[in-house]
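Here is a brief report on side-chain contacts. It covers charge pairs, ring pairs and nonpolar packing.

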Amino acid sequence: ENQPDADVQTDSSLPSSLIEEDGEESGESELAGYSAGMVVGNATTGQGYASLGEAIAKAGDGDVIMLLDNVVLDTRIAWTNKTLTVTSAGEAVYTISRGAANTNMLFYVRSGAGLVLKNIVLEGNSVQGQSLVVADSGNVSVVVGQGSVLQNNVANHGGGVFINGNANGPSSLVIEGNAVIRNNTVADKGGAVLAMMRHPGDSVVLRDNVQILDNAAAYGGGLFVRRITDIEGTSLAMGGNVLISGNTATRGGCGIYFGNAEGTASWPVSFTLGDNVQVVKNSADATDSSGGGGVYFNGSHPSDNFTLAGSAVIADNTTAKNGGGIYFNARLGGGNVRLAGGTLSGNNATENGGGLFFRPLVDSAYVGAVSLSGTSVLSNGAASGGGLYLHLGKDFANAGAVFGMSGGALSG
């Protein structure tokens, strides 16, 4: 049941900072804030509170807020200019749930704020609302870490986390430490995560045993990460046992949607999958899907780059259109796909490019490049180009895609 003892002052789930080594309380003055019925404690100050909102409002920068019981939020909790850790006391994993009438986000961090989640469940309860966590206004950070779960939310976009970048300062999202974001549904972009990049220092990192499972969106069933303004930078990094699986999209990028700014971008973007990242069994759930069962890359600079390397796997993804595994849409006609390692296998497209669909803009003056040097491209299927499909522009002298193979495997 994860219920604390009635006498919270002597509960073994109290923060260790409030208990002496011999098991005795560390002093009445430090424990004066705790009493029966308190559900939240500040592990930094020793104060107890009856509500999470009050605990966060009175916390200082760097404080650790510990839940002693499950919490239901009927409104959002917002703060600025301080970074807080929200976790569960002891070995428990408590749940912060969206109340039936709460159509807002659960946590809203902005203007110099930060949030670190550890051993906490954020539960959307399938109630239509906003993202579980929203960060905006710049100089903000969110860490979904150490055993945290974000689940069962319904929103317009960013079911788990929405990073709304700002030119005023960098925004960062780190998902790590056995964290899971699952079963979230949005009408537009980013079933699990939506990151809109507007500052050169903006970044999204997934590492150390992360799972993005069974989320749904129109674009980016799992993740939607895109540069919104024409700036240098924008980073999406993944490594260390990341699983993106079971996600669906009706328009594009069932597993991951990654893109450069609209129009003609001044700087390229780059995205690499490596180090035991698995993008598997994601699928389009409607016939109007524009493609990318595993990954959709939307480019707008001749040097935009996608690399599959190391032990990464893109496998068993499907789409009703083009690019069962990867759809690289080079709207300026340029861009590079480097298949340097890992596996691209068992993906299927109803139309073209079971493994990879590479499409420069028709009549572009730029030439795109696809190189196969280490990836095993195996047993993919499509009406045309079961393994790889490279689209040519109408002006064959100036446009199209150049393919080079120096290693790897292409069969089935």
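## Salt bridges

Asp136 counts as buried, at 13% relative accessibility. The model is predicted. Asp136 forms a salt bridge with Arg110, and the closest N and O atoms are 3.7 Å apart. Asp136 lies in strand 11 (residues 133-136) and Arg110 in strand 8 (residues 107-110), so the pair ties together parts that are 26 residues apart in sequence. Arg110 counts as partly exposed, at 30% relative accessibility.

The whole structure holds 6 salt bridges. One of them joins Glu262 and Arg226, with the closest N and O atoms 2.9 Å apart. Glu262 sits in the loop between strand 27 and strand 28, Arg226 in strand 23 (residues 223-227), so this pair ties together parts that are 36 residues apart in sequence. Glu262 is exposed, with a relative accessible area of 55%. Arg226 is buried, at 7% relative accessibility.

## A lysine with two contacts

Asp188 and Lys189 meet in a salt bridge through their side chains, 3.1 Å from N to O. Asp188 is partly exposed at 29% relative accessibility. Lys189 is partly exposed at 23%. The charged end of Lys189 also sits over the ring of Phe224, 5.9 Å from the ring centre.

Phe224 belongs to a cluster linked by ring pairs.

## Ring pairs

There are 12 aromatic pairs in the structure. Phe258 and Phe271 form a tilted one: 5.1 Å centre to centre, with 35 degrees between the planes. Phe258 lies in strand 27 (residues 256-259) and Phe271 in strand 28 (residues 270-273), so the pair ties together parts that are 13 residues apart in sequence. Phe258 is buried at 0% relative accessibility. Phe271 is buried, with a relative accessible area of 0%.

Phe328 and Phe358 have ring centres 5.1 Å apart and planes at 15 degrees, so the pair is stacked. Phe328 is in strand 35 (residues 326-330) and Phe358 in strand 39 (residues 356-360), 30 residues apart. Phe328 is buried, with a relative accessible area of 0%. Phe358 is buried, also with a relative accessible area of 0%.

## Nonpolar cores

Which residues have the most contacts inside the largest nonpolar core? They are Leu52, Phe107, Met238, Leu273 and Phe306, in a core of 78 residues. Beyond four places away in sequence, Met238 touches Leu206, Leu223, Ile244, Ile256, Phe271, Leu273, Gly274 and Val277.

How values were computed. Residues are numbered from 1 along each chain as its sequence is written. This is a predicted model: local features need pLDDT of at least 70, side-chain atom pairs count only at pLDDT 80 or more; totals for chains, interfaces and linings use all residues. Side-chain values use heavy atoms; hydrogens and water are left out. Rings of Phe, Tyr and Trp (its six-membered ring) pair if their centres lie within 6.5 Å; planes under 30 degrees apart count as stacked, over 60 as edge-to-face and the rest as tilted. Helices (H or I, at least four residues) and strands (E, at least two) are DSSP runs, numbered from the N terminus. Buried means under 20% relative accessible area, exposed over 50%, partly exposed in between (1.4 Å probe, protein chains only). A charge sits over a ring if NZ of Lys or CZ of Arg is within 6 Å of the ring centre and within 35 degrees of the ring normal. A nonpolar core is a set of buried Ala, Val, Leu, Ile, Met, Phe, Trp, Tyr and Cys residues joined through side-chain atoms within 4.5 Å. Contact means heavy atoms within 4.5 Å. A salt bridge is a side-chain nitrogen of Lys or Arg within 4 Å of a carboxyl oxygen of Asp or Glu.
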